[in-house]
Amino acid sequence: KLTVLAVAGGYAEARSRAVSLGAAEVATGIDVVLTQGTFVFGKVTDQHGAPVIGAELTAQPELGAPVEGFSDSEGNYRLGPLSGTIDLRATAYGHVDAHRTVELAAPRGRDPGEQREDITLEVADAILAGALDDTTGAPVSGARIEVVGGAAEGRGPVTSTDGAFTLDMLPRGHLRVRISHPDYPTDELDTVTSSTGDHVHLHLALGGAAEGALLDATSGEPLASVTVTGAGPGGATAETSTDKVGHWKLGPLR
């Protein structure tokens, strides 16, 4: 299946209908109609209504290259021409990223259309700071703490030797994090960010392991270099290979 994408200066990108082609087949009458498109405009402000200057805005169409721009001294922006469904994103230093899917109406007549999309970027003045230990009270060093979902998804620190960590420029409120460490089962925990310097105390559950030997059912000889996989709660997995005497060990898992 192929789709033809057409790009020309002063026009919104356009694409053809999807065409299925067989071997040595020639498709004809595949029309692509370019239009003046639609300009997306609006104002970028924080949650208090103050304009956000220099915010970077990106409009990504379903096909083709993104259209990018910045908010001016009053927080206003204008992007285009565009058409169809776009993914509109806004980022600014010290603020929480925002994005939304926008369905643009087709313009009528020869003049380009306009669609207003005001955007609010929340000031990211909260932090997540504290310490990580396991259920025995021992600090967990070298653990990766990663934000799951929301505007800060994918961000996260690595704990220090005493289990301490800090992550700044976060939105206020509840946060879900994924904790990964080679000696513990991966876990997800709910916590809360703070704008007043409060610290949190996270606990990582201990895991277990399973080990044994893999033998040929007929001869009883050990089987080397065979992959063994285990699955735990929540879809967590562990994988290993048998050694030259068929021994294997899986973990950490719950």
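This note reviews the salt bridges of the structure above.

1. The model is predicted, so local features need pLDDT of at least 70 and side-chain atom pairs count only at pLDDT 80 or more, whereas totals for chains, interfaces and linings use all residues. Residues are numbered from 1 along each chain as its sequence is written, and side-chain values use heavy atoms, with hydrogens and water left out.

2. The count comes to eleven salt bridges (a side-chain nitrogen of Lys or Arg within 4 Å of a carboxyl oxygen of Asp or Glu). Among them is the pair of Glu-62 and Arg-15, with the closest N and O atoms 2.7 Å apart. Glu-62 lies in the loop between β4 (56-61) and β5 (67-70) and Arg-15 in strand β2 (residues 14-15), so the pair ties together parts 47 residues apart in sequence. Strands (E, at least two residues) are DSSP runs, numbered from the N terminus.

3. Asp-187 and Arg-254 meet through their side chains in a salt bridge of 2.5 Å, N to O. Because Asp-187 lies in strand β15 (residues 184-192) and Arg-254 in the segment after β20 (247-253), this pair ties together parts 67 residues apart in sequence. Asp-187 is buried, at 15% relative accessibility, while Arg-254 is exposed, at 54%. Buried means under 20% relative accessible area, exposed over 50%, and partly exposed in between (1.4 Å probe, protein chains only).

4. Asp-118 forms a salt bridge with Arg-116, the closest N and O atoms being 3.0 Å apart. Asp-118 is partly exposed at 38% relative accessible area, and Arg-116 is partly exposed at 47%.

5. A network of salt bridges links Arg-176, Arg-178, Glu-188 and Asp-190.

Note on methods
Helix = DSSP H or I, 4+ residues; strand = E, 2+ residues; numbered from the N terminus.
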